[in-house]
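Please look at the structure first, then read the points below.

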Amino acid sequence: MQIVKAIDYYHMSRMAANIISAQVIIKPNCVLGLATGSTPIGTYDQLIRWYDKGDLDFSQVTSINLDEYKGLSPENDQSYRYFMNEHLFKHINIKPENTYVPDGLEPDSEKACASYNEIIRRAGGIDLQLLGLGHNGHIGFNEPGTEFEKETHCVKLAKSTIDANSRFFASMDEVPKQAYTMGIKTIMQAKKIVVVVSGASKAEIVKEAFFGPCTPRVPASVLQLHNNVTLVGDEEALALIP
Ligand code: F6R
């Protein structure tokens, strides 16, 4: 594993964007696995800036996102498709038809997951997977206890997640109870993985995930077994690593 130590969030975002842009320059028709959440927003901002300057061309890139809430439409501002459109896709020249997010409106979970696995296979696999890290070590929606062997699957959201999300919805009925996520097996098949972490609240889990035992209790700890992982973090998030 390589560790890139950045001074702060802005610097971390630039370093992560550097790695992604190198991938796009070296292989213009690459497949990028992308994440939502607050951490990668600065990385996407930086990629947009370099695109605006004419330094990056996404016209041949395919993107495949990690996860999506089951039941949410792309127009719902809480959906991950909406997030990606707002934070990246609509600002760059990636072809909309080359951007993939699990289909939240597919009610048949088996069908949704099988077709997403097929999309990844047809694309030739993921060249570079960008990941954030949950406070409990989750990656994608793979919560503690998830088997390492899973490909894309449907997960039941924890009550704490449902409760936390409820503030964004008019009624409890509208809050998603399930989500589709790439599995750990899918993530581990990416050729290269870049994990972005920021802030003191991630320091403990960064230490546990990357320097503790490899166990399904800490899903991200599986990344220790991947041969091409780069951890990009700011000083606060990396403060506890040996
Ligand atoms: C996002 C995702 C999640 C986040 C994780 C960290 O697509 O799959 O695993 O990466 O929850 O989120 P932030 O960056 O908001 O701390």
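The axes of helix α2 (residues 41–52) and helix α3 (residues 80–87) come within 10 Å and cross at roughly 40 degrees. Axes are lines fitted to C-alpha atoms, for helices over the stretch in contact, and angles run from 0 to 180 degrees between N-to-C directions. Helices (H or I, at least four residues) and strands (E, at least two) are DSSP runs, numbered from the N terminus. This is a predicted model, where local features need pLDDT of at least 70 and side-chain atom pairs count only at pLDDT 80 or more, while totals for chains, interfaces and linings use all residues. Residues are numbered from 1 along each chain as its sequence is written, and side-chain values use heavy atoms, with hydrogens and water left out.

**Helix pair**
- Ile41, Tyr44 and Ile48 of α2 meet Phe83, Met84 and His87 of α3, where contact means heavy atoms within 4.5 Å.

**Ligand**
- An oxygen atom of the ligand is 2.8 Å from an N or O atom in the side chain of Thr36.
- For the side chain of Thr39, the distance from an N or O atom to an oxygen atom of the ligand is 2.4 Å.
- A polar backbone atom of Gly140 is 2.8 Å from an oxygen atom of the ligand.

**Gly132**
- Gly132 is in the loop between β6 (128–131) and β7 (153–156).
- Leaving aside neighbours within four places in sequence, Gly132 is in contact with Ala35, His138, Ile139 and Val196.
- Gly132 and Trp50 are 82 residues apart in sequence and 22 Å apart in space, C-alpha to C-alpha.

Terms used
A polar contact is a pair of N or O atoms within 3.5 Å; within protein, one must be able to donate a hydrogen and the other to accept it, and residues adjacent in sequence count only if both atoms are side-chain atoms.
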